Amino acid sequence: MSSLFKKDIKELKGVGEKRTKLFNKFGVYTIGELLFFYPRTYEDWNPIYSIHNAPLNFPCCIKAKVISNVKKNIIRKNCIIYKVIVHDGISPMHISFFNNPYVSDKLIENHEFLFYGRINMNHNRLEMVSPDFVQSYQYAPIRPIYSQTYGITSKQIEMCVRNALKLLPSKIKDTIPEHIKQKYNLCSLRFALENIHFPKSKEELELAKKRLIFEEFLLFQLGIQKLSNINKSCSPLKINNNCIDEFYSLLPFFPTNAQKRVINECINDILESKYPMSRLIQGDVGSGKTVIAAALCYLFAKNNLQTAFMVPTEILANQHFMWLKNIFSNSDINIEILSGSIPKSQKEKIKQKLNNGEIDIIVGTHALISGNVGFKNLGLVITDEQHRFGVSQRAKLISKGEHPHVLVMSATPIPRTLSLILYGDLSISIIDELPPNRQKIDTFHINSDKRERVFNFMKKALDEGRQAYIVCPIVEENSSNMISAETYYDKIKNEQFKNYNVGLIHGKMKPKHKDKIMLDFSNGEIDVLVSTTVIEVGLNVPNSVIIIIENAERFGLAQLHQLRGRVGRGIYKSYCILISDAQNEEALSRFRIMVQTNDGFIIANEDLKLRGPGDFFGDQQHGLPALKIGNIIDDVELLYLSKSAAINIISSDPNLELPENRMLLKAVEMLFKNSIQNGFN
Ligand code: ADP
Ligand code: MG
């Protein structure tokens, strides 16, 4: 079996240069991979009718023998009809095909076929035009339909798969160990492969699907577990109760009950388990997740252990760095920042200090995972806005320590099933309370002809000393008729807002330039910040109270909610204005949800409904292989079953070293080969 994964697809009968390229487009490079290229759907030709009982003008299947030659009729240039008569033992039926010379070779007299099409009455004769057909002794009436692309049809793929199945050796080693198959009632790999492509019946198709979905989920979870820290031992920390009270006294506000509870949940993980913590903190935008991170940074620093705090953007790194520096200013904690824009010489110094343990907390971007960053005693890894990072990036950072504790923070609530598969065994804490005095952000959807009125409303707020954001979907003018951030900025700074300080920020700027603008905005030197979605993640300027989103139809629900989260972060009443002239129902329903609710959990669920879970997996960001057959919503039962199987396997054989698990290990490595390099520990 595994040898088929070494055989190039072009060695398969019926596959030449052209088809090789087409198969490659589908990610099929070897004969083995073709066997795992599942049908997109099936066409069920059942029931099989006799000709005289078949419904008229309705797709149906007839089993009948060819009783004539195929006759060729040239009607005119470019129009040739091929005619043949078939018989099912009771009645005859006429079949015609247009411009399809191949049928003459295939429809051989005295052979029996299944024909699938609509029957009409034509001059008192029953007739089918251009039906689908297959030889009846060989094929069952449930037909596989493959994704086709220009240049290869589903039927041609079917022929190739058929040839590939013939190459399966008589004995194939099954991926799933025997005892698991028995426990969960799973069919053999051979049966599954044969029946996923050419099911003999619905029941057999279900058996095949069950096995392959189970296997896919199982491999996924074993892979994730191998990537994570689970079951790795770590040294215990000493935490005295004063320590956490000391930390609270450094804060400029009282922690909310939810923050205290979540901090305690983390501490319990760290103190009570002999394994490192793996915890996901979910809290809506503005719920104060950074406080949790800071508390743990403090505890670890007091235990002489280092913390790496990774965030997705330079702006955010800077913001966290400044905030932490500020609250820890009267303590002996050393904190530094590492990001792309820091001069090389300074970077080298920081790396050196990290290596010899002089730095307690390092805040940074992806720069933290680069090869030459090392730690003396990395105890804790934090990633903020986790949905922006891939599992492999997190794994890389983790691998820089001896099984450090792991905290991930995300504002995007993830459905339970999804987090199960994306994060394996991460425990979850939820911050379900906003800091006091927060007011609901009022959200409106308006057409662009009311823009000037919004500007006037905005000016009133600016005159009271507040600030505002305006978000545009694109940086520069292009062929679309959207307003770009640059043009917008030029216009309002010289016209409507000429008496105010207007700033511009977007992703194409140099990091230094961006930092300067952000700093000016946080300090209140800029009143109105025109921007692209660079401000989407985590940015915290509590004095800004209005966010205008132009061409709001261009943004997804989760993104709109994130953007809205830039305001309403302080004590002032805040507003979010969605400007859009879009008429399509999909965009309008997103606006309706935004106007109705401020609750990120409701929004995430609506988002999942509108987009479907496929989107999460199509998303390259998390760096995981796509699910080919399993669906986390429809197949949730199998997801949970495979989960317990995965736990069972890992608990007795964490590294999949036992002979019975060898095939599993191979399959896991193959599944993750493209997504994860160097991440396995
Ligand atoms: P997010 O969960 O979106 O990351 P932040 O941690 O950035 O939220 O916090 C949002 C704002 O709320 C910040 O200005 C922060 O200082 C403030 N904040 C956090 N916790 C509290 C609290 N308990 N009381 C008052 N303000 C708080
Ligand atoms: Mg945040």
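**Exercise 1. How far apart do the C-alpha centres of domain 1 and domain 3 lie?**

*Solution.* This is a predicted model, in which local features need pLDDT of at least 70, side-chain atom pairs count only at pLDDT 80 or more, and totals for chains, interfaces and linings use all residues. Residues are numbered from 1 along each chain as its sequence is written, chains are lettered from A and ligands numbered from 1 in the order in which they are written, and side-chain values use heavy atoms, with hydrogens and water left out.

Step 1: the protein chain comprises domain 1 (46–139), domain 2 (244–431) and domain 3 (441–597); these bounds come from an automatic or database domain assignment.
Step 2: between the C-alpha centres of domain 1 and domain 3 there are 64 Å.

**Exercise 2. Describe helix H17 and its packing.**

*Solution.* Step 1: H17 (residues 511–522) has 12 residues and spans 16 Å from first to last C-alpha, close to the 16 Å expected at 1.5 Å a residue; the expected span is 1.5 Å times one less than the number of residues.
Step 1: Lys514, Asp515, Ile517, Met518, Asp520 and Phe521 are buried in H17. An α-helix has 3.6 residues a turn, so residues three or four places apart point the same way.
Step 2: the buried residues of H17 pack against elements including helix H11 (314–327) and strand E20 (467–471).
Step 3: just after H17, glycine 524 has a positive phi of about 85°.

**Exercise 3. Is tryptophan 323 buried or partly exposed?**

*Solution.* Step 1: tryptophan 323 lies in helix H11.
Step 1: tryptophan 323 counts as partly exposed because its relative accessibility is 23%.
Step 2: apart from neighbours within four places in sequence, tryptophan 323 contacts Leu251, Phe253, Thr290, Val291 and Ala294, a contact being heavy atoms within 4.5 Å.

Note on methods: Helices (H or I, at least four residues) and strands (E, at least two) are DSSP runs, numbered from the N terminus. Buried means under 20% relative accessible area, exposed over 50%, partly exposed in between (1.4 Å probe, protein chains only).
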